[in-house]
Amino acid sequence: MSIYRLLARIVLAACLALGPMLATAQVQDDTARDLLKQLVEANQAEKLGLLKEISETGDERARGWLEAFRGGKLAVVEDTGNVVIVLNNRGRDWEIADALSGDNLGEMSRRDLETVRVNNAMRAQVDGILSVIDLTVTDPQGRLDAARNLLGDVDATLAEQLEARLAEEENADVRAMLANAIAIHRLEQGDAEAIDVLSGSLNPTARAALNTAANGDDPALAAAASKALASIEQKLKINHAAETLYFGLSLGSVLVLAAIGLAITFGVMGVINMAHGELIMLGAYTTWGMQQMLPGQPGLALVLSIPAGFLVAALAGIAIERSVIQFLKGRPLETLLATFGISLILQQLVRTVISPLNRTVVTPEWMSGSIMINEALSLTLNRLYVIGFALVVFAGLMLIMRRTRLGLEVRAVTQNRAMARSMGIKATRVDILTFGLGSGVAGLAGVALSQITNVGPNLGQNYIIDSFMVVVFGGVGNLWGTLVAGLSLGTINQILEPWAGAVLAKIMVLVLIILFIQKRPKGLFPQKGRAAEN
Amino acid sequence: MLKIEQLNHYYGESHTLWDLDVDVPQGQCTCVMGRNGVGKTTLMKCIMGEETAKSGRIEYAGDVELTRKKIEDRSRLGVGYVPQGRQIFPLLTVEENLRTGLAVRKDGSKKIPERVYELFPVLKEMKHRRGGDLSGGQQQQLAIGRALVIEPRLLILDEPGEGIQPNIVAQIGEVIRKLIEEDGLTVLLVEQKLPFARKYADRFAIIDRGRRVAEGEIAELSDELIKKHLTV
Amino acid sequence: MTSSNMWLLRPLQERSTQIFLGLLTAAVVVVTILHLATPEGSALHVSAYTVTLLGKYLCYALLAVAVDLVWGYLGILSLGHGAFFALGGYAMGMYLMRQIGDRGVYGDPILPDFMVFLNWQELPWYWHGFDMAWFAFAMVLLVPGALAFVFGFLAFRSRVTGVYLSIITQALTFALMLAFFRNEMGFGGNNGLTDFKDILGFDLRSDGTRLGLFIATGIALAVGYVVCRGIVTSKLGRVSVACRDAEARTRFLGYRVERVQLFVFVVSAMLAGVAGALYVPQVGIINPSEFSPLFSIEIVVWVALGGRATLYGAVIGAVLVNYAKTVFTGVMPDAWLFALGALFVLVTVFLPKGIAGLLQKRRKATDDDGANAQEVAA
Amino acid sequence: MSVLDQLTNRDQVFDFLAPEASPVDVRHGPILYMEDVSVSFDGFKAINNLNLTIDDGELRCIIGPNGAGKTTMMDIITGKTRPDTGSVWFGSRHNLLNMNEPDIASLGIGRKFQKPTVFEALTVFENLELAMAADKRILPTLTAIMKPEYRDQIDEVLEMIGLQSLRDRPAGILSHGQKQWLEIGMLLMQKPRLLLVDEPVAGMTEQEMERTAELLTSLAGKQSVVVVEHDMGFVRSIAREVTVLHQGSVLAEGSMDQVSNDPEVIKVYLGEEA
Amino acid sequence: AEDPIKVGILHSLSGTMAISETALKDTMLMLIEKQNEEGGVLGRQLEPVVVDPASNWPLFAEKARELLEKEEVDVIFGNWTSVSRKSVLPVVEELNGLLFYPVQYEGEESSENVFYTGAAPNQQAIPAVDYLMNNIGVERWVLAGTDYVYPRTTNKILETYLKDKGVAASDIMINYTPFGHSDWQSIVSDIKAFGSAGKKTAVVSTINGDANVPFYRELGNQGISATDIPVVAFSVGEQELSGIDTGPLVGHLAAWNYFMSVDNDANYDFIDAWIDYKGDDTVVTNDPMEAHYIGFNMYIEAVKKAGTTDVDEVKDAIIGVSVPNLTGGYATMMPNHHITKPVLIGEIQDNGQFSVVWETPSTVAGDAWSDFLPGSRDMISDWRAPLRCGNFNVATGECGGASE
Ligand SMILES: Nc1ncnc2c1ncn2[C@@H]1O[C@H](COP(=O)(O)OP(=O)(O)OP(=O)(O)O)[C@@H](O)[C@H]1O
Ligand SMILES: Nc1ncnc2c1ncn2[C@@H]1O[C@H](COP(=O)(O)OP(=O)(O)OP(=O)(O)O)[C@@H](O)[C@H]1O
Ligand SMILES: NC(N)=O
Ligand SMILES: [Mg+2]
Ligand SMILES: [Mg+2]
């Protein structure tokens, strides 16, 4: 979003079609300083007036002031009364710039600065003002967003401006949105015709306006609004179902990602790896580390984290394999005990070395927000990426296990280690590679999870139980089973949740697993026949 | 080809093989015989490395000291092994079972040699069935086929005829002979069934309670020896 | 002595059991004497704090014995035994709650405090009867037993084994944990049951009661141990081992494997329930965290550390790990998890049969140990 | 079976409610009767319209190529595998298809597996003890006492299978052949009405084979014995009636001489020189 | 020199709660260090005794017993979760210890041996709702919480309060999630739908700890901004924010009695000391830390006043003690063992700090027994002689069963 704003600002400096709201002219610095200073002292009502005044000065710096104000970054130096814009407000000393000249004034203790208080109401006001400006940007998407922002915030004067804008607008979507914005205003004024414009709109604000009208005093208006709402409800239902499915798949793909590494180390190799969660955690911390190393480039850091997270977790996995698991060959249950110990150690290591607190992992711009399918159905982008990532990881793993010799060799080694070695299979190498692979994939899961949940020392613990359930539910040793199990458990959970609540839904899923295993004692895709009995 | 000298082996505290000497000459089939539990399988495992001898030497191909080699390297040196009890990989398909041996082939071939399928047509028929689903005899055939995939120079067979139908047993015997004669293969065979041993082996060695008690050309295997060492 | 209870007496003739019972009795007696007969500041004095702490260890030991019975001898790796422990604990907790009577903060003679302040109007039906000790104590056995029976009946009949069984036991305890977290369940939600006053008329805060509970736990552990040992050394115990190692083969001998499993599982669950019931008055709280899957895994870890399929190993493991926890959390609060984690790793790598294995090795250096020779994966 | 049935079918759970196993009724004919039995695995017909009758007290040898379905047939009789079609009766009273493995075993059908499976963690003695004919319900098993006469019985069998010296060693350390013997010993301990013996002499020396042959022939008459074996020498030494299976059904039946001269049998099984 | 005064610190350093509690342990160590630099108290040094109850509730009781019985500490500062406090409570009462509890909680408790320096519901939840109702004009309410006692009780109180204020039942949506809940998709979607009914909607969040990050992330991704549906949280402070990318959260609210951003010299000094103590420029302070700061200073004052560390005398001396808080006012220990606190509402800023947008005109005294729950409406707590009762029922004129 803010990239748009940035672009818009540059474009706007040149092209200003919307009346006299902003001009290239600069007002007197004194006037400006005065206005800004007043802003500092003003109460909420006065502030709203001042904001309008500032925007109407036509000063080209006004937008910067407004944005600084909205971000709580307009401040006054307590001693001198100078108005400054805070460039960086983290830590004890803040970097500031003069609000009028834009000169960087270096750092100043935050004790000596008084920030201009802002709250949601004022922020909304600024947003409105900025949106009106944005209605003129060249990018139609930007105009559409601006118009959508104005829904429900239109007053009589703005309505007129919008009418004018509507006449000039060429893009159909933007036109529709503007029409909606005006119609909502009209509806609020009691104009029954506006309902025609709004009926069929899936936009929540439009729906809210109709709702208000439906509950209003005017019986005719209320009836018409109710009718329009009823038709909207129908469409919403379908969208809602689609949304639930999406939620299910996205939860499912998280489960698949978390479990798929375990499907290798546990499912194929037979190591009950209680430290699997901590390997996921390492992947997530790698993402955080990358972002620390590449400040300001969260996207690049995230992309680089994919190989890095894999590597870190794989190396950690290999270290675990070499130092402990290799001594537990043929004693799978003991791996539970040892890896449980390792998981304790890794968790505490992170607590001591890094911090017991969660770490901030930034979501890059291109992963935030959502893709709008229609006004009622948006797919959140981070989830969409995770779904895609899960599928890619799954496919990659499938390929390795099916198409390379490693897949064959690891199965041979786990089924009969001595015989596999007699056939010339280098069991040690296979162990290292396979455990490294499974661990690396856990690291990949961590990279993805860093975009969804906390990055902290408990991250792993939160996923270990679910991971084992998914692998076992799908049938140990069967990668497809893990995929199907993860996706279906996710979907079932999301279907149940709105109906039963999150807690009961989770309980029901667990009970379902218990009952399902009665019917299929070897998971979704069991190994059948004589072969499985030995 | 293989020369075993003064081999001693223990399971924990119990002494299983006592100062054992066995000689397996190149290009011949040597048959190890003995009652149940005298240590035949243990000897084979020592050669393959699955068990570690406490002392003694196992000399392979003249100059290689096998006891110092890792298990997986022994097959690289050309030792093929058909263990007692089949030891196939139950959850791998027949084809995958066979493919496990491809890695050590000298020619780096990625294809299972046709000869294996010719010898055991049932394996081709059941290529995609899992090893564990096969009948006992089919599994035994698979185990032999699998050992042949690596094209061994020394083939160790621990009671290979067990559970296999008579005509195929005979066929296995023929193949062993053929490999010996045509490819110069050396065979170390453990076998209880006298007729088979007499027919296909060149030499014999009898083990009794962990000691080698007799050795010689197969023709020298007298009823007296048999009575002494092979009856209960 | 009839032949039908011979199985219970047989362990008493066994040397290992005699040693175990002897050590246990000695420990309990020594602690009792040191607690009662030495003055408070003396170096030898065992404080009430220590007595209670030891009582807690013994509860865990009994729980570990219960787990070892099913895991070590039957091959069922239960990752949900915490559930039976917690249910026994809740049964006891409900009794203790009812004993508070009108001494709660709101002074309601019937409703526990947490029900009053969350607006419950009357006692839920399942709370009735818990004011009577005999009923509550019966429930300590029956509730875990019944759950184990129903769960085991379904699972064993369907021949669910191995990791599949482990995971559904885990699902079971996880589901129960979430359920007990819910305030609507009427068990006090996350806060659980606490602020107990007295048990069977004895003040829970008095040192005498504490000592009594400790001794009771010692006795329970002794009885539980003998019961388990009795099962294990009976022919049924050997059938269990047979089921563990070759389930299908056992069926062909005419044993109904699912019933063997069910029987042992239920016995084990009841023992766990008893352990939980004795635990609650000593630690003073029961809350859903005892249902946490990680706790159940930890129990298994105690057993493995002590030495699977030895019973006394389970006791050693439970006491040792928990003692280590007590010590480490005190002396090295920031680093105790490193120590504990390292302990687990080192024991597994260097003591394959746990601590019991170490003892056994020393005991019969020449005799190759048979019973655990070929441990097959569960 | 509906859920309700399953829940109300309480003999599944309580020993004391279990119906008394009624004795085998062989007054009206054979002890084992298989009719039109078929089973297939993923489309592969392992048993194909198999018909087989074993008379009370009979010793029957079954031969046939690898994969003919011999082991599968035993799986069906013992309840391990459910056939797709057909019926299997034990005596004239017991429909084996309605029973599970332990029920069938308790009726008196004992089995030696092709791949020896013994309880590796238990001692040789204990393996035999578990196999011993006894009340195998839970409480009787829990309270069972090792009476001197039982001990004698076990020692007798130990003697027979030549494992006295390994009596108290875990069965896991036995050699392959020793395990075979132990399996046979367990079968003897069970005192079954019908013995199913899958490849008993694999891995035995000639002399051991002779002993096994004696053993099996001595059992016949009192008990019914079905032997599967590939060693023709052995089969010849014990066989009265031989059945040849091929591709899941009976290819030939008759005396050893008859079947070994059957060209079809020679072709698929024996080979020219057998 | 005399024996040192032993201060027990009972905070989880491992397990799920370590994330919150470790900082409190360090705060205590810092305060003790500073006090010792200033010569301790009564000429005696203070000696911290740290134990780790490892986020395990029964272990809290055991460790409390260890501190009091074995270590013989004079006072304990500790606990975060209510369940851990409930677990410890019988022990400190039995052994007559002193416990300072620094976290906002559900109330409905008053123990002779416990001092509640965190907020009771009337010091946090009620003012926050007032703010939303009166200043923002919220008419529709989502009460979202983690499924445990604190949210349940708080929401029960709020529900009664809102209904008393005339909010219809259909305008209240209540939702509970398990601990550590990480998949908020459908709940956020429900909230969005609930909020599109044409009335101003707000979420009152008692969501605990780790569940918050995914919750706020989901809000951001589903495009719910603070100007649409503001979320006011009672368990999200600076420390929690330090693990969240706050960019998309700007404008969401929290109600506390202290914010790190409060413009006050005492606060700046405290922050500087904390940063120096931790040797890390990026560490943050938060409300429970302030509560410990207050509690610690109150204890010191009370010991000075009593001239001894004798528990009974300190207990009596501390009632009425006033110490400065970090927001420019004073905190006084009330007879019900709760303290007076200002209530601040802050909006999240992109730097992970809160900007105060509203505060109560004066401090509010903590109420042990809520006026909005039927069972406790008539109860008061007063630990002064002669009443000395934590649950006195003014209707019946009786002190409830807790005291002997
Ligand atoms: N793992 C083990 N531990 C201890 N003793 C063992 C072990 N494996 C085998 N033995 C013992 O070692 C001896 C030799 O066993 P081995 O398997 O070598 O016999 P074998 O000659 O191959 O017999 P068979 O003809 O029955 O195959 C046997 O007495 C057996 O009991
Ligand atoms: N579960 C299964 N899945 C697929 N095929 C199977 C399965 N079980 C058995 N078969 C096939 O059924 C056929 C019959 O097997 P069976 O074991 O009964 O043969 P058999 O007569 O005992 O042979 P052998 O003499 O080699 O022991 C074989 O071809 C085998 O591969
Ligand atoms: N008291 C709390 N926040 O649990
Ligand atoms: Mg052998
Ligand atoms: Mg067979």
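This is a predicted model: local features need pLDDT of at least 70, side-chain atom pairs count only at pLDDT 80 or more; totals for chains, interfaces and linings use all residues.

Reply: A polar contact is a pair of N or O atoms within 3.5 Å.

Ligand 1 is situated between chains B and D. Around ligand 1 there are 19 residues, of which Gly37(B), Thr41(B), Thr42(B), Ser175(D) and Gly177(D) come nearest. At least two residues of this shell are supplied by helix H1 (40-48) of chain B, and at least two by helix H7 (176-190) of chain D.

Side chains of chain B approach oxygen atoms of the ligand. For Gln84(B), a side-chain N or O atom is 3.0 Å from an oxygen atom of ligand 1. Lys40(B) places a polar side-chain atom 2.7 Å from an oxygen atom of ligand 1, and for Gln192(B) the corresponding distance to a ligand oxygen is 3.3 Å. Of the 640 Å² that ligand 1 exposes when taken alone, the protein buries 87%.

A separate site in chain D holds a magnesium ion (ligand 5), coordinated by OG1 of Thr71(D) and OE1 of Gln114(D) at 1.9 to 2.2 Å. These two residues are 43 residues apart and link distant parts of the chain: Thr71(D) belongs to helix H2 (residues 70-77), whereas Gln114(D) lies in the loop between strand E6 (109-112) and helix H4 (124-131). Both Thr71(D) and Gln114(D) are buried.

Methods: Residues are numbered from 1 along each chain as its sequence is written. Chains are lettered from A and ligands numbered from 1 in the order in which they are written. Side-chain values use heavy atoms; hydrogens and water are left out. Donors are N, O and S atoms within 2.8 Å of the metal (3.2 Å for Na, K and Ca); water is not among the atoms, so sites may look incomplete. Helices (H or I, at least four residues) and strands (E, at least two) are DSSP runs, numbered from the N terminus. Buried means under 20% relative accessible area, exposed over 50%, partly exposed in between (1.4 Å probe, protein chains only). A residue is near a molecule or strand if one of its heavy atoms lies within 4 Å of it. A polar contact is a pair of N or O atoms within 3.5 Å; within protein, one must be able to donate a hydrogen and the other to accept it, and residues adjacent in sequence count only if both atoms are side-chain atoms. Accessible areas come from the Shrake-Rupley method with a 1.4 Å probe; for residues, only the protein chains shown count as cover.
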